[in-house]
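Trainee: I am new to this structure and would be grateful for a guided introduction. May we look at it together?

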Amino acid sequence: MDQGKKEDLKESIKDTAADIILDVGSEAAAEVVKETVTGLLKEVLVDTGASMIPGISGAISGCKRARFERNIKQFTNELSLKVEDLRINLEQKTAEQKEQLDQLLAYILDYVIDEQQEEKIEFMVNGFVQMTEHENITEDFVLTYYDVLKELRLVDISVLRLMYTSFYMYDQANRETYIDVMEKHGISLEQYESVRRNLHRRGLLTTKTDLNINDDLDQIHKTFKELFAYLKKLTNPRFKGSLPTLREPKFKSKDNLQISKFGREFVHFFLNMDNDEMTGQ
């Protein structure tokens, strides 16, 4: 699709969705959003289809065009399911706050259009609903969260959800297991561990080492002081007393992975899993 046409459509969708959703008095807003955006989509795609280039370039463009269409439709469907929540949240917003949300919606559409796994669009819409619940959210906050989501695949999100539920969910007996995740996504145990390491690199998981490193450094410092005192007495020919007992240092750090604070906030923001589901551990 021509870049200019894509930008025009994105802007039209953003303006149309925003006008309807941000108008809290709108009747049947969900259906209006779906019908209006679908109409805009058909008009531009018909126009674009007439100018497709034959051959490989045309095939590539056709694939991107099809993905663009699927993503916008998925976005519209997910948005329509959340219209009532959005209207409730937006009733308390000022004109300035609504204008800010309008701009943030435009950013989200950029991520929606380029997303290769359309199932993730549900999470993007969840994030937008979360934004409307807050008094103020900065652009940097939104871009940071959506950049991380953009880099995650569905298997990453499944593993992250599993790490969350393994520690925070009440009903441990019926929760999903790592074997369920492996079978669902067709991955091996080695690949599962690779996904967890990837989540750790992105700051969504942490380790006991990360959490307790300062305590361990204090323990190392204390141990060195004791060792130095021991050696000082041992090498002093005038020392007549008994040597102090050296104790093996006890470190808190372990390499077991667990969800990080950022990971918990990320799950709450995109996956609709909140503190009510937590065990309080």
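Mentor: The questions and answers below go from the whole chain to single contacts. This is a predicted model, in which local features need pLDDT of at least 70, side-chain atom pairs count only at pLDDT 80 or more, and totals for chains, interfaces and linings use all residues. Residues are numbered from 1 along each chain as its sequence is written, and side-chain values use heavy atoms, with hydrogens and water left out.

Trainee: How many helices and strands does the protein have?

Mentor: Helices (H or I, at least four residues) and strands (E, at least two) are DSSP runs, numbered from the N terminus. Read from that end, the order is α-α-α-α-α-α-α-α-α-α-β-α-β-α. The count is 12 helices and 2 strands.

Trainee: What percentage of the 281 residues is buried?

Mentor: A residue is buried under 20% relative accessible area, exposed over 50%, and partly exposed in between (1.4 Å probe, protein chains only). One example is Leu105, in helix α5 (residues 95-114); Leu105 counts as buried because its relative accessibility is 3%. For the 281 residues of the protein, the buried share is 38%.

Trainee: How many salt bridges does the whole structure hold?

Mentor: A salt bridge is a side-chain nitrogen of Lys or Arg within 4 Å of a carboxyl oxygen of Asp or Glu. Some are linked in a network, formed by Glu115, Lys120 and Arg153. A search of the whole structure gives a total of 7.

Trainee: Glu118 and Arg70 meet in a salt bridge; how many residues apart in sequence are the parts that this pair ties together?

Mentor: The side chains of Glu118 and Arg70 meet at 3.2 Å, N to O. Glu118 lies in the loop between α5 and α6 (121-132) and Arg70 in helix α3 (residues 56-81), so the pair joins parts separated in sequence. Glu118 is partly exposed at 27% relative accessibility, and Arg70 is partly exposed at 41%. The separation between the parts is 48 residues.

Trainee: Arg196 also takes part in a salt bridge; is Arg196 buried or exposed?

Mentor: Arg196 pairs with Glu193 at 3.3 Å, N to O. Both lie in helix α10 (residues 189-201), and being 3 residues apart, they are separated by about one helical turn. Glu193 is partly exposed at 26% relative accessibility. Arg196 has a relative accessibility of 16%, and therefore counts as buried.

Trainee: What is the N to O distance in the salt bridge of Glu265 and Lys261?

Mentor: These two residues, Glu265 and Lys261, lie in helix α12 (residues 261-271), 4 residues apart, about one turn of the helix. Glu265 is partly exposed at 32% relative accessibility, whereas Lys261 is exposed at 54%. Their side chains meet, N to O, at 2.5 Å.

Trainee: How are α6 and α12 oriented to each other?

Mentor: Axes are lines fitted to C-alpha atoms, for helices over the stretch in contact, and angles run from 0 to 180 degrees between N-to-C directions. The axes of α6 and α12 are 6 Å apart, at an angle of about 100 degrees. Angles of 65 to 115 degrees count as roughly perpendicular. The two helices, α6 and α12, are therefore roughly perpendicular.

Trainee: Which residues of α12 meet α6?

Mentor: Contact means heavy atoms within 4.5 Å. On the α6 side, the residues are Phe123, Met124, Asn126, Gly127, Gln130 and Met131. Those in α12 are His268, Phe269, Phe270 and Leu271.

Key: Angles under 35 degrees count as roughly parallel, over 145 as roughly antiparallel, 65 to 115 as roughly perpendicular and the rest as oblique.
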